Amino acid sequence: MYLNKDIVKEGNQILRNISARVSVPLTTADLNCLKGLYEYVVISSMDDLVKQYGIRPGVGIAAPQVGVNKRMFAMNAVDFLDEKQPRYLFAILNPVITYKSKEMTYLPGGEGCLSVDRPTDNLVTPRHYAITAKCSIYDFKSNKIKNVTLKLEGYPAIVFQHEYDHLDGILYTDKIFKSEELDQNIFPLFEESEE
């Protein structure tokens with residue numbers, strides 16, 4: 001598993017490179033990288049393990065964020081608007097987004113990133129509300145790769161797009177706006193609580 005010291009930070013050219021396709025079958029190095037990404041998103045979803053390992057929580061991490069310019073990432077997102085939906089826990093290889101909805105949304109509190117340490121409070125990143133992507137998913141139980149088509153909407157779609165951008169050398173900070181500057185047709189994914 002990767003630790004905070006392994007995360008490449010904003011300003012490093014690695015985060016700006018366009019990543020190469022991953023060759024299949026996976027090399028040992030690529031498999032180890034993918035496994036480390038997957039373990040990170042699983043462990044960072046558990047408060048006690050976050051504390052134990054001293055890592056930052058994250059719902060996604062892409063290979064460029066650990067210094068590997070390959071088209072792979074891991075995500076562990078839940079649709080918190082519909083808790084009956086399954087967890088979107090994937091180790092993804094060579095994704096291609098084939099559909100993007102015209103409908104746009106954003107997270108009211110803004111996005112965050114393991115590679116960005118500076119505050120971006122009150123700045124939001126417009127994303128397509130729904131996407132379809134063709135990709136390969138590595139199943140660590142069977143140690144097999146499955147080719148799938150994912151149809152995602154809401155929060156899981158936002159997470160996928162954030163990680164996908166990393167593969168093209170794009171950070172969410174490249175796309176941030178003040179919410180009042182957004183087109184009126186771009187809506188918040190949910191209303192921010194006043195706590």
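A pocket here is an open set of points on a 1 Å grid over the protein atoms alone, where a 1.4 Å probe fits, with protein on both sides within 12 Å along at least five of seven lines; lining residues have an atom within 4 Å of a point. Its volume is the space filled by probe spheres set on the points, which are joined across faces, edges and corners. This is a predicted model: local features need pLDDT of at least 70, side-chain atom pairs count only at pLDDT 80 or more, and totals for chains, interfaces and linings use all residues. Residues are numbered from 1 along each chain as its sequence is written, and side-chain values use heavy atoms, without hydrogens and water.

Stop 1: The largest pocket has a volume of about 440 Å³. Select P57, G58, V59, G60 and Y155: of its 28 lining residues, these are the closest to the centre. Next, select α3 (155-167).

Stop 2: Five strands form an open sheet in the order β1-β2-β3-β7-β8, with antiparallel pairing (at least two DSSP bridges between two strands). Select β1 (60-62) and β8 (144-153): each stands at an edge with a single partner strand, so one side of each is left without a neighbour in the sheet. Now take β7 (130-139), joined to β8 by ten bridges. C135 stands opposite V148 in β8.

Notes:
Helix = DSSP H or I, 4+ residues; strand = E, 2+ residues; numbered from the N terminus.
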